[in-house]
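Here are my notes on this model. Please keep the structure open as you read.

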Amino acid sequence: MNQPKIRVHLADGDYFLRIGLESLLASSQEVELEDVSSNGNDAVEAALSKKPDLVLMESGISNVCSMEATRRIVAGSPEIKVVMFSATHDLETMSRAHSAGACSYLAKNSISTNLDAALLMIHSGNMVYSKPADAQRFPVSSVNSYDLQAQFLRQTNPRGRRLLNALANGYTNSEIATMLHVSEGTVKAQLAKIMEPLNVKNRVQLAVLVAQAGLLEEARPTLPLTSGPARYATPRA
């Protein structure tokens with residue numbers, strides 16, 4: 001007995017690439033191209049209405065960005081698997097896509113030859129991630145949220161690590177600003193920039209991730225004498 005084809009919705013704002021992918025998917029023996037959208041808002045509406053098995057989402061789609069479109073689709077129909085594809089496949093972008101709810105992330109340069117096989121694996125419950133261009137090692141077929149978050153944190157530059165270590169040791173934004181010789185507003189902005197792709201909501205969650213990633217140093221950062229003694233309190237939420 002023949003297995004039903006995988007129902008796919010394609011969301012891609014690049015006309016020429018979209019035409020090529022439509023042709024590729026139409027010729028597949030495993031996939032049924034159910035619908036096509038050229039912007040994020042249409043993709044969300046069509047996906048929630050027709051509930052395909054997979055949404056193949058191009059990362060640069062407009063109107064509603066691919067990250068937000070993915071969040072809306074997954075929130076509205078958790079059973080739909082969103083597969084993002086892009087010419088940009090660095091670790092930070094892939095981490096953001098995973099945090100938004102994408103179950104897989106494919107490099108554009110691989111989909112012309114491997115798309116059928118990848119979609120079959122994804123539909124069967126596997127996660128497929130192309131190797132990031134900026135990472136020497138990356139688990140392709142089995143990636144969980146902690147792996148991605150830890151990888152992201154370990155790529156933080158030395159100044160960022162000092163900030164994270166201070167936060168995890170209970171220092172306030174004001175005290176961290178004094179240590180790093182920057183304004184308190186700069187500290188808040190840097191923390192927000194780190195927290196957004198990790199999909200964490202507060203300082204406590206970020207501090208836990210820092211410790212789990214093995215970045216928490218035993219030696220506490222030092223403050224000038226005028227700032228008082230070092231603090232070891234739990235980070236403020």
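1. Some terms come first. Helices (H or I, at least four residues) and strands (E, at least two) are DSSP runs, numbered from the N terminus. The expected span of a helix is 1.5 Å times one less than its number of residues.

2. The model is predicted: local features need pLDDT of at least 70, side-chain atom pairs count only at pLDDT 80 or more, and totals for chains, interfaces and linings use all residues. Residues are numbered from 1 along each chain as its sequence is written, and side-chain values use heavy atoms, with hydrogens and water left out.

3. Look at helix α9, residues 184–198. Its 15 residues reach 22 Å from first C-alpha to last, close to the expected 21 Å. Val 187, Leu 191, Ile 194, Met 195, Pro 197 and Leu 198 are buried in α9 (buried is under 20% relative accessible area, exposed over 50%, partly exposed in between; 1.4 Å probe, protein chains only). Just after α9, Asn 199 has a positive phi of about 60 degrees.

4. Now find Ser 28. This residue sits in the loop between α1 (15–26) and β2 (31–37). Is Ser 28 buried or exposed? Ser 28 is buried, at 5% relative accessible area. Neighbours within four places in sequence aside, Ser 28 is in contact with Lys 5 and Asp 116 (contact means heavy atoms within 4.5 Å).
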